[in-house]
Amino acid sequence: MCLTIPAKVVEIKGREAIIQKESATKTIDISLVPDVKIGDWILFANQTAVQVISETDAKEIVDLLESYHPNAQPDKLSEKFKNIIENSKKRDLTKEEIIYLLQTKDAEKEALYSEADVVRRANLQDFICIHGIIEFSNYCKNDCAYCGLRCQNSEVKHYRMTPEEIVSTAVKAANVKGYKLLVLQSGEDPYYTAEMFADIIQKIKATAKVFIFISVGERGLDFYKKLKEAGASGTLFRFETANTKLFQKMHPNGKNFESRLEHLKFMKELGYFVATGSIIGLPEQTLEDLADDIMIMKKWANMISMGPFVPSKNTPLEKEKSGDPEMNFKMISVVRLLMPKIRIPVVTALETLADEGGRKKGLLAGANSLMLNLTPGKYRANYKIYDNKFFDKESIWEKYGLFKAEESYQMIEERMGEELNKVIK
Ligand code: 5AD
């Protein structure tokens, strides 16, 4: 579902209303909400009012989505910075330019965020899409050094949702709450076969109009082919880091970078909408590595999946420093400059590190969607890739996602279509 900034009705003329949104006014159709009055707050999509909402809730959404860049200080921006921003409008940035942007501080850093916010609004309007993630199993056969679900962590309280539970959780999220895009995620858990997944996906798609993304690790070409045929639309599959030496260090049990790239390659060939990216702030990772990460994303991603490193308990990295949230925001901004229309979700790890404000800051730095956790309560606490926090505001955003409108689904469909066609060309 998608969320948009609410607008206030300032005048009504028959079946049309003039609304004020941020500092602009606009005329829209109000036939779907005939009882609307002057002074009411409404949500609208495609020039049509969809729903009237209370002032309190409207302010809550405005608070999350409104643009706010207080520190504009144009006189403090170097010529070099200004040139790089200009270049980003004409061509891909070079590695050196990317590194410059990732090093920015103070006024230049704020200007980078604000530039990315402008690019996001110009290319994707001010819709924020809300997607859901269902973490259906925390078993994992891998031993990734950073991950709390690694097989060597004997503290994990294991669970597996049954196929019926996965289907019913997904169908409820789509048909009751209005989600249009759901990610089914687990550790790499061979218990679930391709046939089981195909059946799960078919059952969800038969009862709910929703896009299914899968995030289940390296399972090979045949597996992903079957799931695509069963109706899966996308994958969430990070390459984790572009630095192959660091990759090896982080994955001691034989996983290799080449195999990850192969997966990305065949996922694209199979027609998946691929969400990929890296962990930001792994021990020993350099700015060069992060610039390389961005170049790989540019090459492979239809959607971005990146987030800060959060040291997880009972892992070899538990005493390491967390990734810097500001570096994550800068990564979001640079990716936005290089890929103006790409989907960039704000991940939960950003809230863990940067508090509730992390979400808003991510959106203001160029991200355009939120990923909310839909794992049933009784399992949630046991899915600890890293320690997590949850916030009550989610229910407000869920409530006002434009779920009654077909628009959300169509919008996602159109955007995915555009993005995939662009790649095929
Ligand atoms: N910090 C940040 N991200 C992590 N992931 C796993 N463990 C951590 C951590 N400690 C990410 C990996 C994986 C995704 C599902 O979660 O990038 O691909």
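**Close-up views of the domain interface and the ligand site**

**View 1. Area buried between the two domains.** Between domain 1 and domain 2, about 840 Å² is buried, and carbon and sulfur atoms give 64% of this area; buried area is the accessible area (1.4 Å probe) that two parts lose on being put together, summed over both. In domain 1, the residues that lose the most area to domain 2 are Cys2, Leu3 and Leu64, together 54% of what that side buries. The model is predicted, with local features requiring pLDDT of at least 70 and side-chain atom pairs counted only at pLDDT 80 or more, while totals for chains, interfaces and linings use all residues. Residues are numbered from 1 along each chain as its sequence is written, and side-chain values use heavy atoms, with hydrogens and water left out.

**View 2. Placement of the domains.** Domain 1 spans 2-65 and domain 2 spans 124-392, with bounds from an automatic or database domain assignment. Their C-alpha centres are 34 Å apart. Contact (heavy atoms within 4.5 Å) links 12 residues of domain 1 with 8 residues of domain 2.

**View 3. The ligand site.** Residues around the ligand (a heavy atom within 4 Å) include Cys147, Gln185, Arg238, Ile279, Phe309 and Tyr386. The side chain of Glu240 places an N or O atom 2.5 Å from a ligand oxygen. Ligand nitrogen atoms lie 2.9 Å from a polar backbone atom of Tyr146 and 2.7 Å from a backbone N or O atom of Val310.

Conventions:
A polar contact is a pair of N or O atoms within 3.5 Å; within protein, one must be able to donate a hydrogen and the other to accept it, and residues adjacent in sequence count only if both atoms are side-chain atoms.
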